[in-house]
Structures are given as structure tokens and as C-alpha cells.
Amino acid sequence: MDLENKKVSRSLRHSNICSSVVFRPQRPQSLVSCGLDMQVMLWNLQKARPLWSTNLQQREMEADSPQSAGQFLNPPLAHSLSVASCGNVFACGAQDGKVRIFRVTGAKFERELEFQGHSLGVSQVLFLPGVYWLLTGGNDGKVLLWDVGSDIGKQLKSPAKSLQRRKAQAPASTRKDGKLNKVASNEPVKVLPKLTIQHGEKVNWLSCTEIKGSRRVLVADQSSSVSVYPLPEL
């Protein structure tokens, strides 16, 4: 929407409900979106087609992992996106309970990390400002805080080098295992949350703010109330 002229300036389409869309910080023409078509897309407002897209279900099926069979019963419908302050790293929460972290490199993005975040669907993801701390809310009634930066480590600090390193390692892994290197990388990583909040109700929305000098997380659910919980100091 062009707010000054109060007109639609561009219409970008998914094949099913678009559940989340986020502009990338410091990049007013660039945004990411996800939907119930299980697609995650990178857009430039100057173009009608996405610059890059990935189908979450297709990635799981191509991996031929033990988890892939469950994708038919619990497909990874994409519910929520959040972009970190750097603008190059973003998180996606899906119906299969997984959190996927992607990194944008130029006109494409690739997955950096994937882990089982909730026992039911992940309804909300939210990066805290200035850090790689990620809040997630789920249909299991939990709100979790993750330190994504410590799990990805240097890959976040040096995207170009990590990309080159993975490309260099791929042929060797393929020859050794007889399978594509990405098969092994599709296995969910065991990541532990730094904080667990037992909210008790399906989480519909998350936000973070500062109240009286302390950081708080605001949680909205199926009720008419907004709950407020303290967060640890960063």
C-alpha cells in the first residue's frame, strides 16, 4: 500500500493464504513472505515475481529423512516470519512445530538452521531488537526464548565464508555417503531454549517492549486479555 496516495501500489501473490509478510530492515524495497501454500518467498517491490522461493514440504520430502513421512499428516504450513535487525537473517514458524532460520545472500536465501521448537504448530516468531535472540509462541501454549546466534555461531558473522565452505565440502560428502550432502543437513538440530514460559493457551501474537526499564514480552491468545511476562537481561 502507498500510504501517501492511499492506493495499492503492488499485489504479490501466494497460491494459498499469505499468513505473514515482513519488510527487511534498511531495505525498503525488499520483503519476505510465507503462507499456507508452504512457500517462503523473497520479493523486490520492483518485480512482480519473487526473487527466490522455497517449498518447506518439498525440502523435507527431497531430504528423504525419517521425519519426511510425517509431513503428509502434519504439513509445514508457514504461519509466521520475523527478520533480525541485520536484515539478512529471518525465522519462519510452521505447523509441524519446527523453527527454520534462513539467511539472505544477494537475490536468494538458504536455510541456516532447523530445530523442533514446539510440540504443536509454531504460531509466532519474533526476533528481539539488536540480537539473535528469538521468541516463539505455539499452539502448545508455550512461549520460548532461543539464542539462535550461539547455535549458528560464526555462520551468522561470515555468510560468504560459510557459503563457500559448504560448497567446498559438498562433493566430498556426496562421494563418502553416496547421498547428497543436503540429506544429512536436513536432520533437525537439537537446540534448547534459554527460557520457557508456560502460558497455557494457544499463542496468537507476540510483541516485546520495555516497561519501567525492564524488557517484557506481551502475549495475546484466544481470550480478550494480553499477558505480560518478564524477560532476562541480554
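I began with strand β7 (residues 98-105), which runs antiparallel to β8 and is joined to it by eight bridges. Strands here are DSSP runs of E with at least two residues, helices are runs of H or I with at least four, and both are numbered from the N terminus. Two strands pair if DSSP finds at least two bridges between them.

A note on the source: this is a predicted model, where local features need pLDDT of at least 70, side-chain atom pairs count only at pLDDT 80 or more, and totals for chains, interfaces and linings use all residues. Residues are numbered from 1 along each chain as its sequence is written, and side-chain values use heavy atoms, leaving out hydrogens and water.

Back at the hairpin, I found two residues between β7 and β8, and glycine 106 in the turn has a positive phi of about 70°. Phenylalanine 102 stands opposite arginine 111 in β8.

Next I looked up the cores, meaning sets of buried (under 20% relative accessible area, 1.4 Å probe, protein chains only) Ala, Val, Leu, Ile, Met, Phe, Trp, Tyr and Cys residues joined through side-chain atoms within 4.5 Å. The largest has 15 residues, and Ile101, Phe115 and Leu134 touch the most other members. Its largest share, three residues, comes from β9. Another core, of 14 residues, lies apart from it and includes Leu42, Leu56, Phe102 and Val104.

Which residues of β8 did I check for burial? I took residues 108-116, and seven of these nine are buried.

Note on methods. Buried means under 20% relative accessible area, exposed over 50%, partly exposed in between (1.4 Å probe, protein chains only).
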